[in-house]
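Hello,

Here is the structure for you to look through. My notes on it follow below the model.

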Amino acid sequence: MNRKQRLLTHLLLLLAAAAYAAPLLWMIDTSLKREVQAVQIPPVIIPHPLRWQNYRHVLGDPQFDFSLFARNTLIIASLSALGAMLSSSLVAYSLAKIRWRGRGLVFGIVLASMMIPFPVFMVPLYRIFRELGWIGTNLPLWVPAFFGIPFFIFLLRQFYLTIPRELSEAALMDGCSHFGIWWRIMLPLTRPALLVVGLFSFMGAWNNFLGPLVYLTHQSSFTLSVALQVYQSRSGGTSYNLLMAASVLIIAPVLVLFFLAQKTFIRGIATTGLK
Amino acid sequence: MRERITRREQLAGMAFAAPYLIGVAAFLVYPLAMSLYYSFCNYSMLQPAIWIGWTNYRHLLTDHAFHTALWNTIIYAAISVPFTLALSLLLALLLNQPVRSAGIYRTIVFMPSLVPLVASALIWQWLFNADKGLINAALRPMLHTLGRRILAPLAGALGAGQATVESLRHITAPVWLGDPHWAMAAIIFISFWGVGQTVVIFLAGLQDVPRELHEAAEMDGAGAIHRFFHITLPMLSPVIFFNLIMGIIGSWQIFDVPYVMTGGGPGRSTLFYSMYIFEAAFNQLRMGPACAMAWIQLLIILFLTALAFASARKWVYYA
């Protein structure tokens, strides 16, 4: 690249970065303003004074019990991640490393089921969970994760296939059971991939909106996403400075998690496209 | 060669796959069959389902709200999918340039795709606010100048009527979520903000394009644009195809953002397919029509995916 091209590239990159960062920055900006200042025209760029109290206000709002909703969400997200990691890796191991009749068909089902939209299952699943007495509890939101998530089974299977066959065959010869191979060889070897699965399912559960909206009936069991929507639409409406503060509180854990595991994340997404 | 499968292997394989086999039965096959059955029933979940044949499907033919939801989703998918694909590819090409602090730029473009959609919807609702939103605050002075200094004089010079010139002088910013057409535009626009994951997949694909190909072509005197269309694009075509399929499946299920941001309004201008299914099922307890619509949605997605696969033979290049 010559100088002119490099300058142009930087200019375009700055523009793109500004466009993608602006909404988040404006959210933070608004969350630190007084209500009058938040709606002032022309807009005030730098909040004055900085209203940190907005956050205290949101956290202290009796109708928006942030710590309770955060705990609810954390429980569902953690159990989903645990379930997805355990079950998907077991199934992926079976599909990649054990020879058995029917595994081709099962893999076909794994691929095909990724295309089925959730609304098709929505009504019958609701009925099943209702008959089990699970409506209003968080069970419908994490128990299915223990039965294998197609996308993660697929992802892990591709990883397992890259591990040489000889490794598991040698272990089998030495009298190691499949369970032993999975536990002692495969899980440690595929730790990065497993981490991807854990992270993705955690984030998926954290961000999930339609599921909690359908299955959770009591405010006390709400997740953050549903609670935020209720907070917004409650009678009288919530002013934007408080709404933005609540949004920051919900986004922050996700972004922290991302920065802690940035490499894992990017590698995980990158591999999904390379079938 | 037929592999010999020992009994032990067969049992082990099935045991390891057992969670999924049970899951397929309980959470896939059974619900799928039941929702197909309900789609032919009058069913409110409070009383037993009653078989009514094709009635639910027939009623959909004359259900205006259904037509609107279907049409809105077609428009959304038809615009959002190709544009997000093109935009993500352009962003990936830009972010793939070997410049300093490229990592920071990538992070910034990726971050919005992590934001929970409910929060995205609220942020954009605030940005698109007609009176107090940042977008109109920026647009208003621009449109003011544009109308007064450029459009009105131009129309006057071209001999437009007094009324036209006057209206151009007072061109105003759209009310976005309060206007049926602009509300749809806004929701499509928001889908451009969450392209981070698609961009990362494209970036990974770009890094897999062999350098030697570019170098050889460059030696032969091929320009950057020529190389893009004859090397980068064909090498990237499997990744484009993957993102296209994901885009189709995702766009047909759009729910969170319009549900939170507009609730389907104004009127029904942003009522989307999945929202109408949700409304029919859980607000009106019309499970039969909800299941019928869900099955039509499934068939549409399958049809479009099959179409994409059929076309793939013509343009997807597997090295």
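**Salt bridges**

In this predicted model, the side chains of E215(B) and R211(B) meet in a salt bridge, 3.6 Å from N to O. The term stands for a side-chain nitrogen of Lys or Arg within 4 Å of a carboxyl oxygen of Asp or Glu. E215(B) and R211(B) sit 4 residues apart in helix α10 (residues 211-219) of chain B, so about one helical turn separates them. Helices here are DSSP runs of H or I with at least four residues, numbered from the N terminus. E215(B) is partly exposed at 41% relative accessibility, and R211(B) is exposed at 62%. For these classes, buried means under 20% relative accessible area, exposed means over 50%, and partly exposed lies in between, with a 1.4 Å probe and protein chains only.

Over all chains, the rule gives 3 salt bridges. One of them joins R127(A) to E131(A), with the closest N and O atoms 2.9 Å apart. R127(A) and E131(A) are 4 residues apart in helix α6 (residues 119-131) of chain A, and therefore about one helical turn from each other. E131(A) is exposed, with a relative accessible area of 58%. Another salt bridge links D29(A) and K33(A), whose closest N and O atoms are 3.0 Å apart; both D29(A) and K33(A) are buried.

**Conventions**

Residues are numbered from 1 along each chain as its sequence is written, and chains are lettered from A and ligands numbered from 1 in the order in which they are written.

**Chain A against chain B**

The contact (heavy atoms within 4.5 Å) takes 92 residues from chain A and 91 residues from chain B. About 8,200 Å² is buried between chain A and chain B, and carbon and sulfur atoms give 78% of that. Buried area is the accessible area, with a 1.4 Å probe, that two parts lose on being put together, summed over both. On the chain A side, Y20(A), M115(A) and F147(A) lose the most area to chain B, together 10% of what that side buries.

Across this interface of chain A and chain B the rule finds 0 salt bridges, but it does find 14 residue pairs in polar contact, both at pLDDT 80 or more. A polar contact is a pair of N or O atoms within 3.5 Å; within protein, one must be able to donate a hydrogen and the other to accept it, and residues adjacent in sequence count only if both atoms are side-chain atoms. Helix α1 (residues 3-31) of chain A supplies the largest share of the chain A side, 15 residues. By class, the side of chain A that touches chain B has 69 nonpolar, 17 polar and 6 charged residues. Ala, Val, Leu, Ile, Met, Phe, Trp, Tyr, Cys and Pro count as nonpolar, Asp, Glu, Lys and Arg as charged, and the others, Gly among them, as polar.

Two residues have contacts in both chains. M244(A), in helix α14 (residues 240-260) of chain A, is buried at 0% relative accessibility. Leaving out residues up to four places away in sequence, M244(A) touches M27(A), T30(A), S31(A), L122(B), I123(B) and W126(B). M244(A) and L24(A) are 220 residues apart in sequence and 9.6 Å apart in space, C-alpha to C-alpha.

Q297(B), in helix α14 (residues 287-315) of chain B, is also buried, at 0% relative accessible area. The side chain of Q297(B) reaches the backbone oxygen of W252(B) at 2.8 Å.

**Domains of chain B**

An automatic or database domain assignment divides chain B into domain 1 (37-129 + 179-315) and domain 2 (131-173). Their C-alpha centres lie 34 Å apart. The contact takes 5 residues from domain 1 of chain B and 6 residues from domain 2 of chain B. Between the two domains about 440 Å² is buried, 61% of it from carbon and sulfur atoms. In domain 1, W126(B), L127(B) and N129(B) lose the most area to domain 2, together 84% of what that side buries. The interface of the two domains has 0 salt bridges and 5 residue pairs in polar contact.

Regards

Notes. This is a predicted model: local features need pLDDT of at least 70, side-chain atom pairs count only at pLDDT 80 or more; totals for chains, interfaces and linings use all residues. Side-chain values use heavy atoms; hydrogens and water are left out. Helices (H or I, at least four residues) and strands (E, at least two) are DSSP runs, numbered from the N terminus.
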